[in-house]
Amino acid sequence: MSREDTSNLTIYAPTAKGNAELKAGSTQLSTTALKLLVMFDGRTVLAEVARRAAGVPAGEIRQTVETLLREKFVDIVKPGAASDGEFGSFFEVPVDAMPESVSAKFRDEADKGLRSLDQSGYYVSIAQQAAGKKEPANGSKYVVLMIEDNAPFVTALKMLLKLEGYEPRVAGSREEIVTALRATPSPDVILLDVNLADTNGFEILARIRQHPALRAIPVIMLTAQTSRKDVLHALAHGANGYITKPFEHEALTKSLKSVLGLTD
């Protein structure tokens, strides 16, 4: 392992194995390893992560990072991973299709999600809830990216998010989406509609989950599409939550707090 692997300016992101470990009911990882795994978001350099992990000695952090790398719980986000070139081809990279045979776990969760949507208008996957509080990427306010092209709805949602203390951003077209995802710091959470003028929300979700600099960002579907197939599609592709339109104020605030690891 090279010295640069644990440089203070290195950026790490959980691998599929790392995300699975966070969702597991039990783990063999140390408390420090779990804490770092939660904090590695594909955007924040190690020095800042170490600052936020107050009380953990620098040597322990470095040794833990080396273990997470060796055991393939995290990957290094290479310099330029979020470059214009990569984002420029964001909509050209093939995405994984949803398999015709979906696991019983997702089918059961889709049924549970539909019951929750019917009762409360929102559902947050238990497996996708934040394991710990996520700090704002910009150091102050949580940035919420709304991928939505209905102007009146956007206006109302922006006002609601601002009242709740969030910093809203908006993207409604393919070009705007690429620009918003390229911006730094990256959004802390994404609210994603399905029916967009020149693209599809499920396709965007799949692309986000395949992108090394974006895959750790929580995504909540915010859509009028509420069929079992739609909910199943979203959960199978890694959506953290699902909110139906029209929605109650409480449904949005509870969903955001859940995926960001915030408590009332």
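## Salt bridges, a buried leucine and a charged patch

The side chains of Asp 193 and Lys 245 form a salt bridge, 3.4 Å from N to O. A salt bridge here is a side-chain nitrogen of Lys or Arg within 4 Å of a carboxyl oxygen of Asp or Glu. The pair links distant parts of the chain, 52 residues apart. Asp 193 sits in the loop between β6 (189–192) and α9, and Lys 245 in the loop between β8 (241–244) and α11 (249–260). Asp 193 is buried at 5% relative accessibility, while Lys 245 is partly exposed at 22%. Buried means under 20% relative accessible area, exposed over 50%, and partly exposed in between (1.4 Å probe, protein chains only).

This is a predicted model: local features need pLDDT of at least 70, side-chain atom pairs count only at pLDDT 80 or more, and totals for chains, interfaces and linings use all residues. Residues are numbered from 1 along each chain as its sequence is written, and side-chain values use heavy atoms, with hydrogens and water left out.

The protein chain has eleven helices and eight strands. These are DSSP runs numbered from the N terminus: helices are H or I with at least four residues, strands are E with at least two. Of the 264 residues, 46% are buried.

The structure holds seven salt bridges. Another of them joins Asp 75 to Arg 215, with the closest N and O atoms 3.6 Å apart. Asp 75 lies in strand β2 (residues 74–76) and Arg 215 in the loop between α9 (201–210) and β7 (219–223), so the pair ties together parts that are 140 residues apart in sequence. Asp 75 is partly exposed at 37%. Arg 215 is also partly exposed, at 22%.

Glu 250 and Lys 254 make a local pair, with N to O at 3.2 Å. Both lie in helix α11, four residues apart, about one turn of the helix. Glu 250 is partly exposed at 49%, as is Lys 254 at 38%. Elsewhere, shared partners join Glu 48, Arg 51 and Arg 52 into one salt-bridge network.

Now turn to helix α7 (residues 151–163), which holds Leu 161. Leu 161 is buried, with a relative accessible area of 1%. Beyond its neighbours within four places in sequence, its contacts (heavy atoms within 4.5 Å) include Val 144, Tyr 166, Leu 191 and Leu 256. The C-alpha atoms of Leu 161 and Val 143 are separated by 9.6 Å.

Finally, helix α8 (residues 174–182) contains Glu 175. Glu 175 is exposed, at 64% relative accessible area.
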